[in-house]
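These are my notebook entries on a structure I opened today.

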Amino acid sequence: MTITPVLSRRHSRELRAAARHIGRRRFLGLTAAAAALAFAVDLPATGTAAAAELDAARIDDFPFTLGVASGDPLPGSVVLWTRLAPAPYQPDGGLPAERVDVDWEVAEDEAFATVVAKGTAIAHPEFHHTVHVEAEGLAPGRVHYYRFRAGTWLSETGRTRTAPAADSAVSSMTLAAVSCQAYHDGYFTAHRHLAADDVDLVLHLGDYLYEYAVDAAGGARKYTDRVLPALFDRETGTLEDYRLRYALYKTDPDLRAAHAMHPFVVTFDDHETENNYAASVPENAVPPEEFLLRRAAAYRAYWENQPLRPPQLPVGPDMQLYRRLQWGLLAQFDVLDTRQYRSDQAYGGAKHIPGPESEDPARTMTGAAQERWLLDGWSTSQALWNVVPQQVCFSRRRLDLNPVAQLSMDAWDGYPASRRRILDGATAAGIENLMVLTGDVHVGYAFDIKDDFDDPASRTLGTEIVTTSVTSGRDGAERPANWATYTAANPHLRFYDGRRGYTTVTLDWTRARADFKTLPYVTTPGAPITTAASFVTEVGNPGLTPA
């Protein structure tokens, strides 16, 4: 989709000046320019008070309007998040540019009779009064409850969970995979059901928000009981735009409920910044410094509004989002970033048959450093299941029935050499139980990952579970128009459903079970949820079978 570029006059003079030091292909290595850009969007000064202090007792209205969240659980630690915003739809959130002390506490029980950790964090105006607490010293492998206090105001209580001890042979765990939640395409009913589901961890696989305009009626939500401010009715491009868009999304009660009930592990795809961008290459023909300004703003707002640790804090337009988490000896999660380091899409990103451009062995989806990190992590993995949460379809997906079929150049099909290196690395590391988790395409798929996708009889190396969207694509259909074509063209495709929802995966020591949960509609609220299909894959015997 082609979108009119955001006008450069909306960026500050200082920010534009810093960005001009960064070339389209060279910015990752230019530390000085990246630091200049980071400075231009303001960071709290290390070891000093970067702003005057606001007495929290002077906050007149409820400040925890965006709820609470937790994420990236470790055996003795979890990230706790909130933001102070008495007026969330105002650019300043209803607070002056002054720092605020926010108290936090973690307990073993919902009544907070047994508090196990507490402290005070600073909500810096430079971070839009967001708070990221690394709560430490917690017991591993158990549920905890947490809350925040600012002055006389008390947040809702959040529920989270720490990871099991690294050497723990935990019997099982259940994760939920979600993705693609365009506010303007419908209600976040899937998140309401997810909040009530019994899961240990939520993996958000990208497109947490969309850059597109949201009109006064909330798009397909067709509000009649409220009018959204005009400042949402434009495409995001500046730091203020992205911050406001997160405020819109996070005031949704269903999304707030899911965050309050479960720890999230998040990774972005394209729409958190701009549709179909690739590394430093934008979708539209804008000057490189303009896009890198936009990327820096998008990444900064993403970190501010997610339960992420300090190592993920971006420096200018650079953000190391790929990271590794463990769930005892049962599972290792290698969370990928397939946007920031990829080669530009072949053939302009349009669907295309394989050709010299897409087959170039030098092409990469992950970048060399992330690829080495992934393969090195597999070589030392002690986990039974090696799970790869990432963004775009990993398995071959033929889009027609021609002898040489067209493929998506935005997915791993446009980067086959990169996929081959990943699969060869898994084989070399002796990874027997590989599971790839994917979002992006607004449908649910279940794939067997084949050693040779052109040979249905070739060895199955793993499983790919593609979760459908929360809302993107609006209501959807159980069998989209291309259902028969795709299922006939791809014998390794075991399941295809075009409705909205999410997917749960339960891992234990004998098998993994995937449950595809779907909604009949999202353009009106209150839809029931059903399990459309369930599949299992056995330990040591990859390949999906109906449960």
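In which sense, left-handed or right-handed, does helix 8 pass helix 9? I looked this up and found a right-handed crossing of helix 8 past helix 9, where right-handed means that the near helix is turned clockwise from the far one by less than a right angle, and left-handed that it is turned anticlockwise.

Before going on I noted the ground rules: the model is predicted, local features need pLDDT of at least 70, side-chain atom pairs count only at pLDDT 80 or more, and totals for chains, interfaces and linings use all residues. Residues are numbered from 1 along each chain as its sequence is written, and side-chain values use heavy atoms, with hydrogens and water left out. Helices (H or I, at least four residues) and strands (E, at least two) are DSSP runs, numbered from the N terminus.

**Helix 8 and helix 9**

I read off an angle of about 20 degrees for the packing of helix 8 (residues 368–379) with helix 9 (residues 416–428), and their axes are 9 Å apart; axes are lines fitted to C-alpha atoms, for helices over the stretch in contact, and angles run from 0 to 180 degrees between N-to-C directions. Helix 8 is therefore roughly parallel to helix 9, given that angles under 35 degrees count as roughly parallel, over 145 as roughly antiparallel, 65 to 115 as roughly perpendicular and the rest as oblique. On the helix 8 side I listed Glu371, Leu374, Leu375 and Trp378, and on the helix 9 side Ser418, Arg421, Ile422, Gly425 and Ala426, with contact meaning heavy atoms within 4.5 Å. Sorted by class, the contact of helix 8 with helix 9 has five nonpolar, two polar and two charged residues (Ala, Val, Leu, Ile, Met, Phe, Trp, Tyr, Cys and Pro count as nonpolar, Asp, Glu, Lys and Arg as charged, and the others, Gly among them, as polar).

**Helix 3 and helix 5**

I then examined helix 3 (residues 189–196) and helix 5 (residues 253–261), which pack at an angle of about 25 degrees with their axes 7 Å apart. These two helices, helix 3 and helix 5, are therefore roughly parallel to each other, and helix 3 passes helix 5 in a left-handed crossing. From helix 3 I noted Thr189, His191, Arg192, Leu194 and Ala195, which meet Pro253, Asp254, Leu255, Ala257, Ala258 and Met261 in helix 5. The residues of this contact of helix 3 with helix 5 divide into seven nonpolar, two polar and two charged.

How many of the 12 residues of helix 4 are buried? I counted 11 of the 12, so helix 4 is largely enclosed by the rest of the structure; buried means under 20% relative accessible area, exposed over 50%, and partly exposed in between (1.4 Å probe, protein chains only). The buried residues of helix 4 include the charged side chains Asp241, Arg243, Arg245 and Lys250, and the buried residues pack against strand 2 (77–83), helix 5 and helix 6. Helix 6 (residues 288–304) has 15 of its 17 residues buried, so helix 6 too is largely enclosed by the rest of the structure.

Helix 4 and helix 6 pack at an angle of about 35 degrees, with their axes 8 Å apart, and helix 4 passes helix 6 in a right-handed crossing. Here I listed Leu239, Tyr242, Arg243 and Tyr246 in helix 4, which meet Arg294, Ala297, Ala298, Arg300, Ala301, Tyr302 and Glu304 in helix 6. By class, the contact of helix 4 with helix 6 has seven nonpolar, no polar and four charged residues.

**Single residues**

I looked up arginine 339, in the loop between strand 13 (331–335) and helix 7 (356–359), and at 0% relative accessibility arginine 339 counts as buried. Not counting residues up to four places away in sequence, arginine 339 touches Asp269, Asp270 and Asp410, among others.

Aspartate 440 has a positive phi of about 75 degrees, lies in the loop between strand 15 (434–438) and strand 16 (444–450), and counts as buried at 18% relative accessibility.
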